[in-house]
Amino acid sequence: MEMLETETTAAKRPVWNAGRTVGAKRALKPKQIWEIRFYLNQRRRLRDRALFDLAIDSKLRGCDLVQVKIGDLVSGGQIRTRAIVMQQKTGRPVQFELLPDARASLLVWLDRRGGTVDDYVFPSRVDHSKHLSTRQYARLVDEWVTGVGLMRSEYGTHSLRRTKASIIYRATGNLRAVQILLGHSKIENTVRYLGIDVEDALALAENTEI
């Protein structure tokens, strides 16, 4: 039986993820977080350091992170200790904390960046009125992780979203708290996102004395 021309073309077309690592990207460990911060500080990359810190603390998806506006983070000339943004995917608001390291790097960047409360925190370099693209954000993350010796195939933008959530879960075992912080509507989504399995559950149980 002869193959149709469209079938032949489809058979020859390479699979979109050929040669790539498929599956959840790894969360960063605390040591790796500080290595990336040191890497960015050494190169005086103020924007990237602020972007990295905000990504870690906010736990936002990339599409939401790049659309954060100055007014979302700043009040009375100071960086807020807590902020709230509307999630593009779910249409639901999510609140997050901004710890001293993130507030400091954001303040330094915004002093350099300037702008009004209606401007994006991280503008596009092509069109200053638009925000940094998610594709460029992904390229930056690739550069950061490879810059400290990590494998690009194992880390990505979701690594930054998962990092603090994973640390909080392993320290507390409070899955409901992590669900709220990630803005998930269902706790099952949080379980899948964190990659929690039976071994994780048993390890938490073994460390809990009654």
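Colleague: Which helix is K164 found in?

Modeller: K164 is found in helix 8, residues 157-172. Helices here are DSSP runs of H or I, at least four residues long, numbered from the N terminus. Keep in mind that this is a predicted model, where local features need pLDDT of at least 70, side-chain atom pairs count only at pLDDT 80 or more, and totals for chains, interfaces and linings use all residues. Residues are numbered from 1 along each chain as its sequence is written, and side-chain values use heavy atoms, leaving out hydrogens and water.

Colleague: Is K164 buried or exposed?

Modeller: Buried means under 20% relative accessible area, exposed over 50%, and partly exposed in between (1.4 Å probe, protein chains only). K164 has 14% relative accessibility, so it counts as buried.

Colleague: Which residues does K164 touch, leaving out those up to four places away in sequence?

Modeller: Contact means heavy atoms within 4.5 Å. With that rule, K164 touches I56, D57, K59, E97 and L99.

Colleague: How many aromatic pairs does the structure hold?

Modeller: Rings of Phe, Tyr and Trp (its six-membered ring) pair if their centres lie within 6.5 Å; planes under 30 degrees apart are stacked, over 60 edge-to-face, and the rest tilted. The structure holds 2 such pairs. The F52 and W144 rings have centres 5.8 Å apart and planes at 90°, so that pair is edge-to-face. This pair links distant parts of the chain, with F52 in helix 3 and W144 in helix 7, 92 residues apart.

Colleague: And why does F52 count as buried?

Modeller: Because its relative accessibility is 0%.

Terms used
Helix = DSSP H or I, 4+ residues; strand = E, 2+ residues; numbered from the N terminus.
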